[in-house]
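Student: I have a chain open and want to go through some of its packing. Can you start with the terms?

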Amino acid sequence: MQLRTWMTVALAGACLVATGPVFAQEKLTVWWVKGFYKAEDDALFAAIRKFEEKHRDIKVELSLYPLHDMIPKIVSALDSGNPPDVSYGDLFDLQVTGKWAFDGKLEDISSVIDPIRARFAPNTVETTFLYNDQERKRAYYAFPIKQQTMHIEFWVDMLAEAGFKESDIPTVWKDFWSFWCDRVQPAYRAKTGSRVFGIGMPLGVDSSDSFYSFLTFMDAYNVKLVNDSGKLLIDDPTVRQGLIRAMTDYTQVYSKGCSPPSSTSWKDPDNNVAFHNRTTVMTHNATISIAAKWLDDMNNAMLSDEQRATAKKNYTQRIRTAGFPAKPDGSKMVYRAAVKTGVVFKEAKNKAAAKQFVAFLLEEQNLTPYVEGALGRWFPVTRTAQQSAFWKADAHRQSVHDQFMAGTVTFEFTKNYKFTVLNNENVWAKAMNRVLNEKVPVDQAVDEMIARIKVVATPTAAPIAAVAAPR
């Protein structure tokens, strides 16, 4: 989830237009988030070229935007009544898709989804079956493209330099976090004299990593904030206690000096950057973009032989991808998956072509190369693609595959869209920063967070309760 530069690309001329006689073309405006690395963007360009070759009467006008610019750009376009026809952003599902559907800003694309519904894996396409309060109905108001979940990444060579083996890593909750903080960090510093931190802990208010990671800690304590109908459960004392325990564990890493001081202001790229710079031994991340960055580098012809060799060694030998330890109660973690969604807007100028594009992209032979083009950063949403040999080609992807195959759960916003507002506000990181920067007791910060959740996410009298998506 890393983006460093602003970029708009109008794909024209020989890049995306098929050869042949000149004829009138419809314009399809597509806004997409810029990929983390070159291979991801190249996979998108290839899909668009293929679409234009098949639909000679449609010209795709593509604009790429950095992650955190994407939603503000769309909001501005919606306010002016001039949105793109099709758009995709990595944070749409977490922060805006459900609200846009509720507010009637999205086009019903059930005609695209219904014929291919059976192709999707469990807990994927269901997350796009959303409620429109303007039309008082549920329908498919978004399309699923790919999904992500939480992983542990660590430098195995740094672990060895600290005097430990992979088999020394505990598999139970408390011991796991203590290992990196209380054993690896001081040992590595003593051996090297370097001020390296055991854990890179995302804590920034402007970071989606921080709330995804915190919600994973919350899951470790079996906290359920809503039921299947979207009703809040936070008045249950056990929910409050679970939140306190999760926040205590999460903030304690920083309080003990085991995460960089800057991590309270980190944005999404920063835990990756700290890890790549080897200033942290371990971090958790909601994709394997950390490892896959080196896979991209080792195949990048623009880099020197030495740089590619280093990248290959990092990817194949020095970095490990793993799952989380067992929960505090000893049971296995069940990971929450964020299903990444694209949308067609209600006010789009060319909705017919937009639906053609979405239908084309979701065809197995087009969607699979696009998802795999991200080098393992995203996991497929279709049953067939999940069994592709690609996911067993190396240890990093195999780890991702195994986590998903064990079963996943969905986010609160799939049951109560108002949690997209809470994620957008990042009430989770705000509470953590109250503890760390303002020295507020954890229980007080949690109570303040609960109060805010109640204000924002208490269901109205409108029929927004979850209705099972057809299968």
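Tutor: Contact means heavy atoms within 4.5 Å. This is a predicted model, in which local features need pLDDT of at least 70, side-chain atom pairs count only at pLDDT 80 or more, and totals for chains, interfaces and linings use all residues. Residues are numbered from 1 along each chain as its sequence is written, and side-chain values use heavy atoms, with hydrogens and water left out.

Student: Leaving aside neighbours within four places in sequence, what is Thr 408 in contact with?

Tutor: Asn 123, Val 334, Tyr 335 and Ala 337. Thr 408 is in strand β13 (residues 408-409); strands (E, at least two residues) and helices (H or I, at least four) are DSSP runs, numbered from the N terminus.

Student: Is Thr 408 buried or exposed?

Tutor: Buried, because its relative accessible area is 14%. The cut-offs are under 20% for buried, over 50% for exposed and partly exposed in between, with a 1.4 Å probe and protein chains only.

Student: What caps the N-terminal end of α16?

Tutor: Asp 394 does, with a side-chain oxygen 3.0 Å from the backbone nitrogen of His 396. Such a polar contact is a pair of N or O atoms within 3.5 Å; within protein, one must be able to donate a hydrogen and the other to accept it, and residues adjacent in sequence count only if both atoms are side-chain atoms. Helix α16 covers residues 395-405, and its buried residues include His 396, Arg 397 and Phe 404. Just after α16, Gly 407 has a positive phi of about 105°.

Student: New topic. Which residues have the most contacts inside the largest nonpolar core?

Tutor: Trp 32, Trp 180 and Trp 428, in a core of 147 residues. A nonpolar core is a set of buried Ala, Val, Leu, Ile, Met, Phe, Trp, Tyr and Cys residues joined through side-chain atoms within 4.5 Å. Helix α7 (residues 173-192) gives the most to this core, with 9 residues.

Student: What does Trp 428 touch?

Tutor: Not counting residues up to four places away in sequence, its partners include Phe 211, Phe 214, Met 247 and Ile 453.

Student: And Thr 251, where is that?

Tutor: Thr 251 is in helix α9 (residues 237-255). It counts as buried because its relative accessible area is 3%. A polar atom of its side chain lies 2.7 Å from the backbone oxygen of Met 247. Setting aside neighbours within four places in sequence, Thr 251 is in contact with Met 432, Val 435, Leu 436 and Val 442.
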